[in-house]
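Please walk through this structure, beginning with the chain as a whole and then turning to two of its residues.

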Amino acid sequence: MKSRITFKTTIFAFVALVLAACSPEDSLEALIKKREGLKKELVEVEAKIAQRDTSNVSSVQGLLVTWEEARFDNFVHQIEVQGSIETDRDVLLNAESGGLIQSVMVKEGDRVRKGQVLVQIDAQLISSNIDELKTAIDFAQYNYDKQKEMFEQGLGSEFQLTQARNNLDNLKSRMAGLNTQRGKFSITAPFDGVVDQVFARVGEMAGPQAPVLRLVDNREIRVVADVSERLFSRLTKGMPVYVQIPSLNDTIITMNIENIGNYIHPTNRTFRIKALLKDNRLLLPNMLARMRISDYTNENALLIPTAAVLRDRNDLSYVYLAVKDEAGNMIAQRQDVEIVESFGGMTEIQVSETIQAGTKVVVRGARGLANNDFIRTK
């Protein structure tokens, strides 16, 4: 029993020591302040050493960094999205009426004109009916002409003339219907284009559900992409687009936004954009494309390297400037900055009194610095 009490007492004593060790003086803020004080003291000591040192060392050695000068320059921000190539003229042609394929008049790769007959399906029965109807129409026309002549001479009745005319009109209407039906046995090109693939074979049966051939016209294509909803307000119709085609050795083609969607997809929160290219001789439907859109431009932007920009625990952006202290030594001086845009390794910041063109900004080695650290470039 006594050993248990002794053990508990030991535990309580250990916890008390731990709590005592975690005093407010060892909080993060206190430690940072203590570090700054030690650095200041180190600066003073090194300065005194430099004064008394008889060697060639004339300045305090600091941390190795690189810096670049802020500058005013043209800045272009771009959005990059994944897209694909589409065309409205890429169709599979089917037979409107079923029947035996009588002839295929084109082969793959042929360029055809709108209205040209591509495939002919056997329409012998319809053709026979049309031939019979032609004979009936010829007789009906002869009968109508005679009835009209007799009526004009006062020998026939108006009823006979009307009956002959109605009979002729009915036969002509039937002929028009048969010609329309026979037309459905010929598959014609709906537009100018190239026969990409032929599925039909002579002697096979064609039907509305079986594609006969594919016809494509790639002279006018569109690049289509889904863009995040947050970018909707930054895009406008006519804005330039740089389209990069990976399968063509990253060929870049300049286009313009033709259309901006009016619908946000509820699943991925995106809207569609389209860029138009006329007189195309290079791109094919369904190719992958990367679209780069210049959504922001400033011809006189204050620029610094993006690698120089850091963020603290409060999510504030800052950089370290390379400045000289009173003794002529280079030190790192923290400076908060307001970011405008970042792209391509450069960041545009708001102009301030502290950072101007020519101000030295620490780039490499900035993450290991603290305010007023000694720095050097070699």
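Among contacts (heavy atoms within 4.5 Å) in the protein chain between residues at least 6 apart in sequence, 74% join residues at least 24 apart. The model is predicted, with local features needing pLDDT of at least 70 and side-chain atom pairs pLDDT 80 or more, while totals for chains, interfaces and linings use all residues. Residues are numbered from 1 along each chain as its sequence is written, and side-chain values use heavy atoms, leaving out hydrogens and water.

The protein chain has 4 helices and 23 strands; these are DSSP runs numbered from the N terminus, helices being H or I of at least four residues and strands E of at least two. Of its 378 residues, 33% are buried, that is, under 20% relative accessible area, with exposed meaning over 50% and partly exposed in between (1.4 Å probe, protein chains only).

Strand β16 spans residues 288-305 and contains S294. S294 counts as buried because its relative accessibility is 14%. Leaving aside residues up to four places away in sequence, S294 touches V76, H77, Q78, M239, P240 and Y242. With Q78 there is a side-chain to side-chain polar contact at 3.3 Å; such a contact is a pair of N or O atoms within 3.5 Å, and within protein one must be able to donate a hydrogen and the other to accept it, with residues adjacent in sequence counting only if both atoms are side-chain atoms.

I339 lies in strand β20, residues 339-343. Its relative accessibility is 31%, so I339 counts as partly exposed. Residues touched by I339, beyond those up to four places away in sequence, include V309, S317 and T347. I339 and V309 are 30 residues apart along the chain, and their C-alpha atoms are separated by 9.1 Å.
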